[in-house]
Amino acid sequence: MPVDPDILIVIATLVVTFAGPSVVAGWAERSWPWVAMTSLVIGLGLLGYVHLALGPDGLSLRDIPDAFVHVAAMVLN
């Protein structure tokens with residue numbers, strides 16, 4: 001069963017959102033935040049995959065809030 005692209009967009013956006021500040025915090029403390037860097041790469045890779053999977057138009061910035069609304073509607077339904 002294929003996964004809905006909106007779910008992948010939401011997961012990738014949340015991973016990137018939480019991993020980004022962790023990478024910056026680790027950099028500020030002069031340590032290597034390996035888990036945060038790995039999570040950031042995975043999240044960005046997932047966004048890239050969704051961008052390529054959506055066809056010739058790809059992923060636009062407007063798709064991200066729409067995906068959150070769609071996933072929230074799927075959960076609440």
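Which residues of H2 are buried?

Modeller: This is a predicted model, in which local features need pLDDT of at least 70, side-chain atom pairs count only at pLDDT 80 or more, and totals for chains, interfaces and linings use all residues. Residues are numbered from 1 along each chain as its sequence is written, and side-chain values use heavy atoms, with hydrogens and water left out.

Helix H2 comprises residues 34-53; helices here are DSSP runs of H or I with at least four residues, numbered from the N terminus. Its 20 residues reach 28 Å from the first C-alpha to the last, close to the 28 Å expected at 1.5 Å a residue, where the expected span is 1.5 Å times one less than the number of residues.

The buried residues of H2 are Ala36, Gly43, Leu47 and Val50; buried means under 20% relative accessible area and exposed over 50%, with partly exposed in between (1.4 Å probe, protein chains only). They lie on the same side of H2 because they cover an arc of only 65° around the axis, the arc being that of the directions from the helix axis to the C-beta atoms. On the other side of H2, the exposed residues are Trp34, Val41, Ile42, Tyr49, Leu52 and Ala53.

Helix H1 (5-28) is included in what covers the buried residues of H2, contact being heavy atoms within 4.5 Å. After H2 comes Gly55, which has a positive phi, near 100°.

Note on methods:
Helices (H or I, at least four residues) and strands (E, at least two) are DSSP runs, numbered from the N terminus.
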